[in-house]
Amino acid sequence: LGLIYVFWLTRPQCDPEMRFWKAVGDASLMFLYATLAMGPIARLLPSIGRVVLFRREVGIWFGLFASLHTFLILNGWVRWDIMLFLGYEVIPDLGRFVRLNSGFGLANIMGIVAILITLPLMGTSTDWAIQKLGGNAWKFLHSGSYIIFWLVVLHTAYFLFIQYAPHFHRPTPPLDWFRYPFLMLTMAVIGLQVAGFLLTVKRR
């Protein structure tokens, strides 16, 4: 909650509704990145390897915040309207739906798919699930976290760099300060994953 509050404080220019769902989304992103960073950090720095014991809990918090972020978007921004969710709006003068945001729908679909993959991972983040599924099946299921990572990266990149980019038919809002920290954190997670993989290969 403190993390959400920090992100909330950084966007006073946004209206309260947008400000809140952005803060929740950014907090969920931090938990996702932490979850994926813990494994390679434990390999690279065995002295603090116990951090990996918290990976499942941190992953669950990512799922909870990501689910809340999704609900706030569906309930507030697109108002449960599938056409609006896909980037279409009715233009009264034309009397039909027109796609106003070419990437908006695709970015939203990526977010929904990421949530649909996240939910079973949350539900099986227990010792009981590992025992019932077996270690290999459990690991195969949870390898979906990498799919979630790329879907979330593309989803977030669209809204940080494209959705609010300068456009001839609408005013340009202030650029989101989180754009470049997002890029650096994303590259850091990828770098840690690659380094952890290379170290594992070297040891074997």
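I began with Asp 176 in this predicted model: Asp 176 has a relative accessible area of 13%, so it counts as buried. Its partner came next: the side chains of Asp 176 and Arg 11 meet in a salt bridge, 3.1 Å from N to O.

I then followed Arg 11, which is buried at 1% relative accessibility. Arg 11 also meets Asp 26 in a salt bridge, at 2.6 Å from N to O. Asp 26 sits in helix α2, 15 residues from Arg 11, and it too is buried, at 8% relative accessibility.

How many salt bridges does the whole structure hold? My search found four. One of them joins Asp 127 to Arg 56, with the closest N and O atoms 2.8 Å apart. Asp 127 is in helix α6 and Arg 56 in helix α3, so this bridge ties together parts 71 residues apart in sequence. Here I noted partly exposed residues: Asp 127 at 48% relative accessible area and Arg 56 at 29%.

Last, I looked at the largest pocket, which holds about 990 Å³ of space. I listed 32 lining residues, with Arg 55, Trp 138, His 142, Ser 145 and Tyr 146 nearest the centre. Helix α2 gives the largest share of the lining, seven residues. By class, I noted 15 nonpolar, 11 polar and six charged residues in the lining.

Note on methods
Residues numbered from 1 in each chain as written. Predicted model: local features only at pLDDT ≥ 70, side-chain atom pairs only at ≥ 80, totals over all residues. Heavy atoms only, no water. 1 Å grid on protein atoms, 1.4 Å probe; cavity = no way out; pocket = protein on both sides within 12 Å on 5 of 7 lines; lining within 4 Å. Points joined across faces, edges and corners; volume = space filled by probe spheres on them. Helix = DSSP H or I, 4+ residues; strand = E, 2+ residues; numbered from the N terminus. Nonpolar A, V, L, I, M, F, W, Y, C, P; charged D, E, K, R; others polar. Buried < 20%, exposed > 50% of the residue type's maximum accessible area, 1.4 Å probe, protein only.
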